[in-house]
Amino acid sequence: MLSAPVLLTPISGEQQRFRSSWFNQAEIRRVVRLVETLLRHGIPWTDIAVITPYVGQLEALRSALRTAGIPMESEIEFDGRDRGVDSGIATGTVHRFQGGERSIVIFSTVTTLERSLRFLNHRVNLVNVAVSRARDHLIIVGDPNCLNKGPYSRLLVQGAQPLDERF
């Protein structure tokens, strides 16, 4: 079903401010469609993770996934309350997902502004964690024109195959 270990689905959208973080609504819509497609193809919830470097994107992604009726595994929210279910897809920021692994990891990069690439590219551990959490497939959701301008984010894009348009 997925043709290569590292796949790219190009989405530009617009990086927007959310509190002290960022989100990209076009990427959120694409991630929800990807998860729905994977589930329709019989991939178990517990084999999928969605990660992002930005808390704003994570909050918006979780909201969109809940609205779509996609279950998420139990996680402790920032206010300390448990809002998840016992099994479902894993979600988190790249920082909080260290140590976790899934067969398929969807990495929502958010970035469409070149100045924001610094966050990804001056913290090589973020890119490393994103790549190393995927056991079988890493699906990068992002703007390749922007990502190609960073030294590490460029490696992600250049090493990725295009995701089949049916997804």
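This is a predicted model: local features need pLDDT of at least 70, side-chain atom pairs count only at pLDDT 80 or more; totals for chains, interfaces and linings use all residues.
**Aromatic pairs.** I went looking for aromatic rings that pair up, and the count comes to 2 pairs. One of them is Phe18 with Phe23, an edge-to-face pair. I noted 6.1 Å from centre to centre and 75° between the planes. It counts as edge-to-face because the angle is over 60 degrees.

**Buried or exposed?** I checked both partners. Phe23 is buried, with a relative accessible area of 14%, because buried means under 20%. Phe18 has 27% relative accessibility, so I put it down as partly exposed.

Next I looked up strand E2 (residues 15-18) and its link to E3; the two run antiparallel and are joined by 4 bridges. Gln16 has Phe23 as its bridge partner in E3. The hairpin of E2 and E3 has 2 residues between the strands, and there I found Arg19 with a positive phi near 55°.

**Which way do the side chains of E3 point?** In strand E3 (residues 21-24), Ser21 and Phe23 point one way, Trp22 and Asn24 the other way, and all are buried. I reminded myself that side chains in a regular strand alternate between the two faces of the sheet. I also looked at what sits over Trp22: Arg17 lies over its face, at 4.1 Å from the ring centre.

I found Tyr152 in the loop between helix H5 (144-147) and helix H6 (153-158). Tyr152 has a relative accessible area of 34%, so I wrote it down as partly exposed.

Conventions. Residues are numbered from 1 along each chain as its sequence is written. Side-chain values use heavy atoms; hydrogens and water are left out. Buried means under 20% relative accessible area, exposed over 50%, partly exposed in between (1.4 Å probe, protein chains only). Rings of Phe, Tyr and Trp (its six-membered ring) pair if their centres lie within 6.5 Å; planes under 30 degrees apart count as stacked, over 60 as edge-to-face and the rest as tilted. A charge sits over a ring if NZ of Lys or CZ of Arg is within 6 Å of the ring centre and within 35 degrees of the ring normal. Two strands pair if DSSP finds at least two bridges between them.
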